[in-house]
Amino acid sequence: MPDLLSRIATERSDGAFRRLFEEFGPQIKHYMMRHGADAASAEELAQETLLTVWRKAGLYSPAKGTPATWMFSIARNLRIDRLRKEVCWQELSDETAEATPSEDAAPDDAASERQRQARVQAVLTALPGEQRDVVTLAFIDGLSHNEIAGRLSLPLGTVKSRLRLAYQKVRAALEDLK
Amino acid sequence: MSTTIRRHPDSATLMSFAAGALSEPLAAACSAHASMCSECRDELRDMTLIGAALLGSAPTPGAQVAAPDALEPPLPERGVTRREGIPDPLPAPITQRYGLALGEIPWTRVGPGVWQHRLALSAGVEGELYLIKLAPGCRLPVHGHGGSELTLVITGAFSDASGEFRRGDLQDVDSDTEHQPVGDKEEGCVCLIAAEGPHLLKR
């Protein structure tokens, strides 16, 4: 899956442009609809996300994450800005991070980024259902800790500890790729 | 600079920041901390991988998105623009958003040795975001919280029952925590405080 996004950075063809929409359009449209957008505005937001991906593909660098994380960030930021109508603080810190690169060794090639993405995918697949549900409600439905607690009838502390546990597993799986 | 930061947001808080699921004031404090802390920036990058993986694996029943006809040229490559001069002690996301510098904050005195300046949030957002200044040795009144509260030290230091917090350190507390931060004896402190709910001052 990430291959298409990586190729877009170098392959500027009409075919690549259409495949981008075919492959990722449905995911992003669905994401926007989970956040309360109607079908028409979800489609517009998906188009805007993918046009941004297309326009900025030349600026993509593996140090900023995988193309898939990059696409998720663009969709997330657009959702906060347009659907929640709030300030997107993630974008502000991304800009800052661009100006002051991390001192830790950034993974230096796209291949290791793809490896990281694959490890995370494997961790999420193997996650106990109760942790996966909480993580999905946060990342895909954008629910706060309190909202997740309400939705699943769980104590707030349980929601937080499941998020922590899920992250510990992701972190452990990426440890030797640092 | 970031190597001296010892107190970070709870990883559950950072996860929700990466997910775009924190309320606006809490997101502001996480953003400000991340701008000072390379360790948390790296963690956020790993957390964003989770969002990407979940986005790719969510079912998408019958949703097609039409590609626009006109194929636009890509944006030209651009270099990173660095700001000239000495950076302001205020975290970059705060100076960018509010156009403020530390020396220009229009403080309002709210008690002996305590000043605050409220930062505007988007319409309809609950909670509060403000800068607070404590004179050396002065203390905030004992308070609890109607939700999570994040306190980021910008200059100086403060301490409370849980220990000492210096520049870049972030205190992440729950609604059930009552605390009474005291400004450092020599330097006092300036902090960014983000609260999900109203402050519950004890009388």
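Of the 178 residues of chain A, 40% count as buried, a residue being buried if 20 or more other C-beta atoms lie within 10 Å of its own, exposed if 12 or fewer, and partly exposed in between, with C-beta atoms placed from the backbone. The model is a predicted one, in which local features need pLDDT of at least 70 and side-chain atom pairs count only at pLDDT 80 or more, while totals for chains, interfaces and linings use all residues. Residues are numbered from 1 along each chain as its sequence is written, and chains are lettered from A and ligands numbered from 1 in the order in which they are written.

Chain A has nine helices and zero strands, where helices (H or I, at least four residues) and strands (E, at least two) are DSSP runs numbered from the N terminus. Among contacts in chain A between residues at least 6 apart in sequence, 60% join residues at least 24 apart; two residues are in contact if their C-beta atoms, placed from the backbone, lie within 7 Å.

**Helix packing**

| Helix pair | Angle | Axis distance |
|---|---|---|
| H3(A) and H4(A) | about 135° | 10 Å apart |
| H7(A) and H9(A) | roughly 95° | within 9 Å |
| H7(A) and H3(B) | roughly 95° | within 10 Å |

Angles under 35 degrees count as roughly parallel, over 145 as roughly antiparallel, 65 to 115 as roughly perpendicular and the rest as oblique. H3(A), residues 39-56, and H4(A), residues 67-83, pack at about 135° and are therefore oblique to each other. The passage of H3(A) over H4(A) is a right-handed crossing, a crossing being left-handed if the near helix is turned anticlockwise from the far one by less than a right angle, and right-handed if clockwise. On the H3(A) side, Leu45(A), Glu48(A), Thr49(A), Thr52(A) and Val53(A) meet Met71(A), Ile74(A), Ala75(A), Leu78(A) and Arg82(A) in H4(A). By class this contact has six nonpolar, two polar and two charged residues, where Ala, Val, Leu, Ile, Met, Phe, Trp, Tyr, Cys and Pro count as nonpolar, Asp, Glu, Lys and Arg as charged, and the others, Gly among them, as polar.

The axes of H7(A) and H9(A) cross at roughly 95°, which makes H7(A) roughly perpendicular to H9(A). Their contact is made by Glu130(A), Gln131(A), Val134(A), Val135(A) and Ala138(A) of H7(A) together with Val159(A), Arg162(A), Leu163(A), Leu165(A) and Ala166(A) of H9(A), and its residues divide into seven nonpolar, one polar and two charged.

H7(A) also packs across the chain boundary, where H7(A) and H3(B), residues 38-57, cross at roughly 95° and are therefore roughly perpendicular to each other. Here Val135(A), Thr136(A) and Phe139(A) of H7(A) touch Ile50(B), Gly51(B) and Leu54(B) of H3(B), a contact with four nonpolar, two polar and no charged residues. Within H7(A), Val134(A), Val135(A), Thr136(A), Leu137(A), Ala138(A) and Phe139(A) are buried, and their cover includes H8 and H9 of chain A together with H1 and H3 of chain B.

**The side of chain A that touches chain B**

In total, 65 residues of chain A are in contact with 53 residues of chain B. The largest share of the chain A side, 10 residues, comes from H2(A), and the residues of that side divide into 28 nonpolar, 19 polar and 18 charged.

**A buried strand in chain B**

Seven of the seven residues of S9(B), residues 189-195, are buried, so this strand is largely enclosed by the rest of the structure. Cys189(B), Cys191(B), Ile193(B) and Ala195(B) point one way from S9(B), and Val190(B), Leu192(B) and Ala194(B) the other way. Strands pair if DSSP finds at least two bridges between them; S3(B) and S9(B) pair in the antiparallel sense over seven bridges, and S5(B) and S9(B) likewise pair in the antiparallel sense over seven bridges. Val190(B) is the bridge partner of Lys133(B), and Cys189(B) that of Gly156(B).

**Two loop residues**

Lys85(A), in the loop between H4 and H5 of chain A, has a positive phi near 50° although it is a residue other than glycine, and with 11 C-beta neighbours inside 10 Å Lys85(A) counts as exposed. Ser153(A), in the loop between H8 and H9 of chain A, has a positive phi near 50° and is exposed, with 6 other C-beta atoms within 10 Å.

Key
Axes are lines fitted to C-alpha atoms, for helices over the stretch in contact, and angles run from 0 to 180 degrees between N-to-C directions.
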